[in-house]
Amino acid sequence: MSEPDDLQAPSGPAIGQDEWVARHGERRSQRAGLIGEIEERARRAPWWAWLVLFVAAFALLPVVSHDGYIRRVAFDTTLYMLLALGLNVVVGWGGLLDLGYAAFYAIGAYAYAMLSSPQYGIHLPTLVSIPIIVVIGAVAGFLVGLPSRRLIGDYLAIVTLFFLQITQTVLTNGDQIAGHDLTGGANGIINVDPLHLLGHPLVVQHGGVFAVTYLYISIATFAVVYLALHFVNHSRTGRAWRSLREDGLAAEAMGMPVNLLKLMAFSFGAAVAALTGTLFAALQTSVFPLQFSFPLVITVYTMVILGGQGNLAGVTIGAVVVWVMLEFLRDPGDARILFYVVGVLAIAFAFGRTRKLAVLLGSLVVFGFAAHAIADAINHDWVSGPAANGFDHALSHWVIIPTGLANWVGPVSYIGLVCLVLALTLLPARVRYVALVPTIYLGTFVWENVLLAQPDATRYIILGVMLIGLMILRPNGLLGERRVEIV
Amino acid sequence: MAAAPLLELRGVSLAFGGLKVVSQLDLHVAEGEVVSVIGPNGAGKTTLFNLITGIYEPDEGDILLNERSIVGLEPHQINRLGVARTFQTLRLFLNMSVRENVMAAAYGRTKAGVVRSMLRTPGMRREEQEIRRLAEEHLSFFGERLKGYRWDQPAYSLSYANRRRLEIARAMATGPKILLLDEPAAGMNPVETHEISELIARLRTEAGFTILVIEHDMHVVEGISDRVVALDHGVKIVEGTFEQVATDPRVIEAYLGTKAAVTK
């Protein structure tokens, strides 16, 4: 660093010399022992080392497990990782609230289906169709961006949401456009070719088990997209995108063509989504309009926000966490274990290693058995719900699971729980602590009798609860860096 | 004046609805000059900057840069023609590092497209190194005040005075001919204010910028200005050397009201 001559070095601490404070983080001593050593090493590992490790973990999955279901979940996870990466360009870097993101996913999937199915009798080789589809996606993103480039925030959200709805409407009614069947309508396009590499079709099922090839292709695609986006992020374009997110007016005044940059962000995100759609359609060998609806957008948003907007590694982790959790919740048995483990951990985390924690857990157990005994004494039907063995069996002596639950009990207990939780936030600390016991117990009752019965709705309720919890603990997402708002 | 001015405003007017913010303003800044704009709050000083940088378009009149009209151009185009500014309210890219703030501003001076960036071609990497060096050079301009260990920290971690310095460094990185500084000494302590005067002098002599500056601190204005322009209600009331302007009764009236009102 060259220093101008006429600024003589100050003697003694000068005003504004806060180097000591600013460098505090560097001097913070590392933790002792092996954990500290590992922490230190991990902190120093370059970004690409993590990427290699992560991709290798996915690639080794089929070696470790021959379970077709696990492979399939891993494949779906990589699709969501890709979608999250693409949305991150628009939302995390560009700062543009795009609620129509699933439309580009649909465009990619339908483009692949149309270019490789009997629908039009076209069967392009994959290596030809993929570049075409990526360009189609980018152009679609550009076109949606055109009317939106002067819109920000809520207005942009409305326009993009409208675009998603219109895409779905067109796809659903596309079988009667001027008497021609263009999109297969609500029945979608079926008999789509699997991916073709160098003339060989890659079958999806191999001896009844999900073929590993698709997992390898999707994880390789992920690695390529991740690398490309990482490099773009550390180029003038990436910096300009982030400048635009931070302060559009200042970016414009500093020579960055803001409108063009917005269009580029849209195009980029859309191209990634379209590419992902291709993999999806090839694997499903069919596409339907309903697969690209608004809940998908919400799921991908959750991944991006939960992982940390603007951080590529973060949104990837976010996609893994959210999708694996949603899969877990599909199966009532797994969901139940997840619920109780996370529940106990959350309570333990909230109270730390204190006597309060022991008292709370103790009184929860006692309260549960007492309530169970009282219910049993009044009417045995109230506690005669299905009880399996092991964990479930022990549980059925504690939580009340009636048979032949009256219709009104479910909604009433659910609403009651919501009211109780809201009331808890208003109560003074001491009363709240006592009231926590029946609230948690009611929570388990609602979980067992209401939520477990409707897994589809429950998955999204849990997702919402998780987001709220995370936003309190880590407002910037798992790997998100601390961010400040411009005031 | 022999040579044509670098920046010239001819009869520029702007109204927001019925409110005339700037009316019939003539202004010229010659190459290498430091011109200060003073005036009470609401006199139209920042609006003047917004007009020059293309954020607002004038209702009437013309703005010329090197004898070429820049009216109707987008702000980023005007920036690339050689006009850079700082903001009175500080508009940094707060969640980016100090170095990135400056590097981002070099956007208009670089060419590497997205595809080249994705492939990290040798040309792109060279360019990247070049703007990195450029950014560090601009940051080094502030010497002890904005030291190297700060450059990788996020901009929000900077003190208020350093944020002002970073805004200047960012404006410098766009490669301008003329710098528009909007109250560079606002919110600074006396030592820092004194430094700002020296800094503006160095921006002219060492970096070779022409400077148009809005400033309230009369010591700063006195120390730096070749010429002072006083605005009130969007009208230029006086123009001349600091002594001429500072002693002009119209300027005193603009700041303090009429004499009758003051004595009462």
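Me: In this predicted model, is V102(B) buried or exposed?
Reply: The residue V102(B) lies in helix α3 of chain B, and 30 other C-beta atoms are found within 10 Å of its own.

Me: Which residues is V102(B) in contact with, leaving aside its neighbours within four places in sequence?
Reply: One residue well along the chain is T174(B), 72 residues apart from V102(B), and the C-alpha atoms of these two are separated by 8.5 Å. Once the neighbours within four places in sequence are set aside, the contacts of V102(B) are A135(B), H138(B), L139(B), A169(B), R170(B) and A173(B).

Me: Is F16(B) buried or exposed?
Reply: F16(B) is found in strand β1 of chain B, and its C-alpha atom is separated by 44 Å from that of G148(B), 132 residues apart along the chain. A residue is exposed if 12 or fewer other C-beta atoms lie within 10 Å; F16(B) has 9 such atoms, so the residue is exposed.

Me: Which strands stand at the edges of the open sheet of chain B?
Reply: The open sheet has 4 strands in the order β2-β1-β4-β5 (chain B), with antiparallel pairing. Two of these strands have a single partner each, so that one side of each is left without a neighbour in the sheet, and these edge strands are β2 (19-29) and β5 (68-69) of chain B.

Me: Over how many bridges do β1 and β4 of chain B pair?
Reply: Among the pairs that join these strands, L9(B) has I63(B) as its bridge partner in β4(B), while S13(B) has E60(B). Strand β1 (residues 7-16) and strand β4 (residues 60-65) of chain B run in the antiparallel sense, and their pairing extends over 5 bridges.

Me: Which residue in the turn between β4(B) and β5(B) has a positive phi?
Reply: The strands β4(B) and β5(B) pair in the antiparallel sense over 2 bridges, and L64(B) stands opposite S69(B) in β5(B). The two strands form a hairpin with 2 residues between them, and the turn residue with a positive phi, of about 55 degrees, is N66(B).

Me: At about what angle to β2(B) does helix α1 of chain B run?
Reply: Helix α1 (residues 45-52) of chain B lies across β1, β2 and β4 of chain B.

Me: Within what arc do the buried residues of α7(B) fall?
Reply: The buried residues of α7(B) are E192(B), E195(B), I196(B), L199(B), I200(B) and L203(B). Seen down the helix axis, they line one face, because they fall within an arc of 145 degrees.

Me: How far apart are the end C-alpha atoms of helix α7 of chain B?
Reply: The face of α7(B) turned away from its buried side carries the exposed residues P190(B), V191(B) and T205(B). At 1.5 Å a residue, the 16 residues of α7 (residues 190-205) should span 22 Å, which agrees with the separation of the end C-alpha atoms, 23 Å.

Me: Which element gives the largest share of the side of chain B that touches chain A?
Reply: In the contact between the chains, 40 residues of chain B meet 36 residues of chain A. The elements of chain B that give two or more residues to this side are α2 (75-81), α3 (98-104), α4 (114-119), α5 (122-140) and α6 (160-173). The largest share, 4 residues, comes from α2(B).

Key:
Residues are numbered from 1 along each chain as its sequence is written. Chains are lettered from A and ligands numbered from 1 in the order in which they are written. This is a predicted model: local features need pLDDT of at least 70, side-chain atom pairs count only at pLDDT 80 or more; totals for chains, interfaces and linings use all residues. Two residues are in contact if their C-beta atoms, placed from the backbone, lie within 7 Å. The expected span of a helix is 1.5 Å times one less than its number of residues. A residue is buried if 20 or more other C-beta atoms lie within 10 Å of its own, exposed if 12 or fewer, and partly exposed in between; C-beta atoms are placed from the backbone. The arc is that of the directions from the helix axis to the C-beta atoms. Two strands pair if DSSP finds at least two bridges between them. Axes are lines fitted to C-alpha atoms, for helices over the stretch in contact, and angles run from 0 to 180 degrees between N-to-C directions.
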